[in-house]
Number of protein chains: 2
Amino acid sequence: MPTAAIITIGDELLIGQVIDTNSAFIAQAFNAIGLQVQSRIAVGDVYQQIWDTLTDTLAKNDIVILTGGLGPTADDITKPLLCKYFDGTLVTHEPSKQNVIDIFTKLNRPIIARNLQQAEVPSTCTALLNKRGTAPGMWFEKDGKIIISLPGVPHEMKGFITEDIVPLLLQKFTFNAVEHRTLLTAGVGESFLAETLIDFEASLPSFIKMAYLPNYGMVRLRLTGVHANKTILTDTLNQSFLQLQQVVAPHLVTTKDEPMETVVANLLLQNNQTVATAESCTGGYMAQLLTAKSGSSAYFKGAVVAYDNQVKIDVLQVPVQDIIDHGAVSETVAIQMAQNALTQLKTDYAVSVTGVMGPNGGTPQKPVGHVWCAVCNKNKVATQLFTFSFDRQRNIQLTATFAFNFLRKFMLQNN
Amino acid sequence: MPTAAIITIGDELLIGQVIDTNSAFIAQAFNAIGLQVQSRIAVGDVYQQIWDTLTDTLAKNDIVILTGGLGPTADDITKPLLCKYFDGTLVTHEPSKQNVIDIFTKLNRPIIARNLQQAEVPSTCTALLNKRGTAPGMWFEKDGKIIISLPGVPHEMKGFITEDIVPLLLQKFTFNAVEHRTLLTAGVGESFLAETLIDFEASLPSFIKMAYLPNYGMVRLRLTGVHANKTILTDTLNQSFLQLQQVVAPHLVTTKDEPMETVVANLLLQNNQTVATAESCTGGYMAQLLTAKSGSSAYFKGAVVAYDNQVKIDVLQVPVQDIIDHGAVSETVAIQMAQNALTQLKTDYAVSVTGVMGPNGGTPQKPVGHVWCAVCNKNKVATQLFTFSFDRQRNIQLTATFAFNFLRKFMLQNN
């Protein structure tokens, strides 16, 4: 079966200035068609290192894909390198030249030589037109192997992968079927889960593997199957997945590879209901998660981010006396925030959080990670105290996830 | 000069299920002390591949750091592999055993054998106590090279790097001084910048490199210098950086490596002023960016996320007639949102956005990417129409960044 390696190019990846999201996207797209990615390598803008890494990975894989280093500036060395590597000369790719002219004309910007050079490609490659930018993609074939070079700009790269690379690879190769099944559990640790799953794991056929992916106080379990026969794979994997669901049933949140907010969103959509958030310490993070997908207006109406106490009083109409008596981080204030958000935003449910995210602002009574959460509908309110002990970013993420899980359970019980 | 390689382990990295943020963090920490990272490699939970990658990278580097594969479950194979690779036997690390017992006692969970096994390490390593979890770190030395293995859980790994690994490396090695200077420009393309910077780039000494990092409609420029003499490096780099600032002055946003929202936050802090956001299409993303750092309550009071029109009317008091006459995505509504947020949240500035983020909801008059932004103080309001043509996530990010930039310019002009 063919395998692939992903090489991402750029000094910024090696000094940690940017996080490499490109190779995750490519890996996902390749895995979806059954092309196994063996390694992902990030190297700097260093000629010899790129050259050596290309040679190494070509020796071990059938397909090597490179992203980055195709820009118009001096630190972009991928194109001349590939031209030399595959014994070509730089020639103009006419459709790409026209593309550059069209883009700059539309933007009403002058076209300089540097821009037109973007349309040049090695004579030994098949050039791929960039529908989202100026630098063309390049497809080389040599000794039965395929080498692909794409721009590093994420939305350009993604367009190439989806519209060009995947269809071309499917023409060239027959892949093993690869499928994944993922479920999410909450309220149980990885070790404890592993104990309850010993027999299940032992019973899995050799072509199915299970992985534990703990994150945000929850554990995701993933089954991955690889088999030449797609029907056998799908049937066996479905069967194993059903067994797995039964074993973890008390802790099961969802049987899809989706985040907690999507579980909540789908529950709201099913019931044709809406939610609002009243956020202090999460600063709008929960609202942003709920609106990350198109169509969220069907279940999410809005939020009040009451970061300052005066906003809790003025906009969310929390009584001043409650804040004086109990503090802004208190069960009483959380309840007021949720109930007033429900009334003001006219939703079926509201969820509120008020807490200390750190690193500053903690007290002995209310240390960093101390968070009150309230959820309500028009008949009932429920509260929960969370205590986290991480850094600010993680405390915010955990607060959002735990609050959504609390809302989910409330909805299931009070619908 | 010593160099390092980073190996991250886990099938989830090769199927693209998670994005590798660990290696960016490690790269940043290593670069900060002058330890150059030559490559970052992600490999699956496959014994032979981990073995081979370790051998390859050890041949080319002085320091190899591995993360992941140290959990308590069957797919975690890093520890037995390292035990074999460095000819050891598994022995209990007593402080780590006590740590496991303490953690489970505190959580009131039963301690099972699998948990105690977490405290076992190869006899050939120096074990490092995990202050944030159960799996200890491991430090091996062999033939003058150093091999470090850390858990893949991000906050555990980060603790180890900051508190253990960096101090230990500084004891062992003398590094070249490495420094970076980064500035941010807005409103000008990469090619155009490159043209204006030809002379500047040519004038740079050989130990200083410049990189272009375009993102979110802006271009970041980074100077990186490497030199044995820290004083020479700092002085020369400061001088070059001043020259660079002069060349790009008309487009300069900040001379620090910081995002746009931090530039806005610092401007507010300097002036002892506050801001509120009124967000429709960004769904709380702007508020969340402003509250990502501790201390944000000094400049950010809160937000109204008016995703649904009824919330614009009920909470932000946008006149119904304005929505009927102009539509929710309009200059008029953007102005109403900003001005009413300013009044209700009692801030010095307010910024609003209302637009179509896609992929659905566009019309010929107001296509996806069509966004109205308004910023105001008590005396003045200014508006701008943005037009983006990307996917939903990127449209949201660009809207936030452009709105913050618009607010920044408004503050500079109307303070």
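Start at the largest cavity, which has a volume of about 50 Å³. A cavity here is a set of points on a 1 Å grid over the protein atoms alone where a 1.4 Å probe fits but cannot get out. The volume is the space filled by probe spheres set on the points, with grid points joined across faces, edges and corners.

Before going on, note that this is a predicted model: local features need pLDDT of at least 70, side-chain atom pairs count only at pLDDT 80 or more, and totals for chains, interfaces and linings use all residues. Residues are numbered from 1 along each chain as its sequence is written, chains are lettered from A in the order in which they are written, and side-chain values use heavy atoms, without hydrogens and water.

**Stop 1: the largest cavity**

Select Thr8, Asp20, Arg40, Ile41 and Ala42 in chain A. By class, the lining has 4 nonpolar, 3 polar and 4 charged residues. Asp, Glu, Lys and Arg count as charged; Ala, Val, Leu, Ile, Met, Phe, Trp, Tyr, Cys and Pro as nonpolar; the others, Gly among them, as polar.

**Stop 2: the second largest cavity**

The count comes to 2 cavities of 30 Å³ or more. Select its lining in chain A: Leu129(A), Asn130(A), Lys131(A), Arg132(A), Glu156(A), Gly159(A), Phe160(A), Glu163(A) and Asp164(A). This lining divides into 2 nonpolar, 2 polar and 5 charged residues.

**Stop 3: salt bridges**

The whole structure has 21 salt bridges over all chains. Each is a side-chain nitrogen of Lys or Arg within 4 Å of a carboxyl oxygen of Asp or Glu.

Go to Glu179(A) and Arg181(A): their closest N and O atoms are 2.8 Å apart. Both residues are buried, meaning under 20% relative accessible area; exposed is over 50%, partly exposed in between (1.4 Å probe, protein chains only).

Switch to chain B and select Lys131(B) with Glu163(B), a salt bridge at 3.1 Å, N to O. Lys131(B) lies in the loop between strand 6 (126-128) and strand 7 (137-142) and Glu163(B) in helix 7 (residues 154-172), so the pair ties together parts 32 residues apart in sequence. Lys131(B) counts as exposed because its relative accessibility is 54%. Glu163(B), at 36%, counts as partly exposed.

**Stop 4: the nonpolar cores**

A nonpolar core is a set of buried Ala, Val, Leu, Ile, Met, Phe, Trp, Tyr and Cys residues joined through side-chain atoms within 4.5 Å. The largest has 81 residues, and Phe300(A) and Phe300(B) have the most contacts inside it. Apart from it lies another core, of 46 residues, among them Ala306(A), Val333(A), Ala341(A) and Val318(B).

Centre on Phe300(A). Beyond four places in sequence, its contacts (heavy atoms within 4.5 Å) include Val275(A), Leu290(A), Val305(B) and Tyr307(B).

**Stop 5: Ala334(A)**

Finish in helix 15 (residues 331-345) of chain A, which holds Ala334(A). At 0% relative accessibility, Ala334(A) counts as buried. Show Ser352(A), Thr354(A), Trp372(A), Cys373(A) and Ala374(A), which Ala334(A) touches, residues up to four places away in sequence not counted. Then select Thr383(A): it is 49 residues from Ala334(A) in sequence and 7.9 Å away, C-alpha to C-alpha.

Technical notes:
1 Å grid on protein atoms, 1.4 Å probe; cavity = no way out; pocket = protein on both sides within 12 Å on 5 of 7 lines; lining within 4 Å. Helix = DSSP H or I, 4+ residues; strand = E, 2+ residues; numbered from the N terminus.
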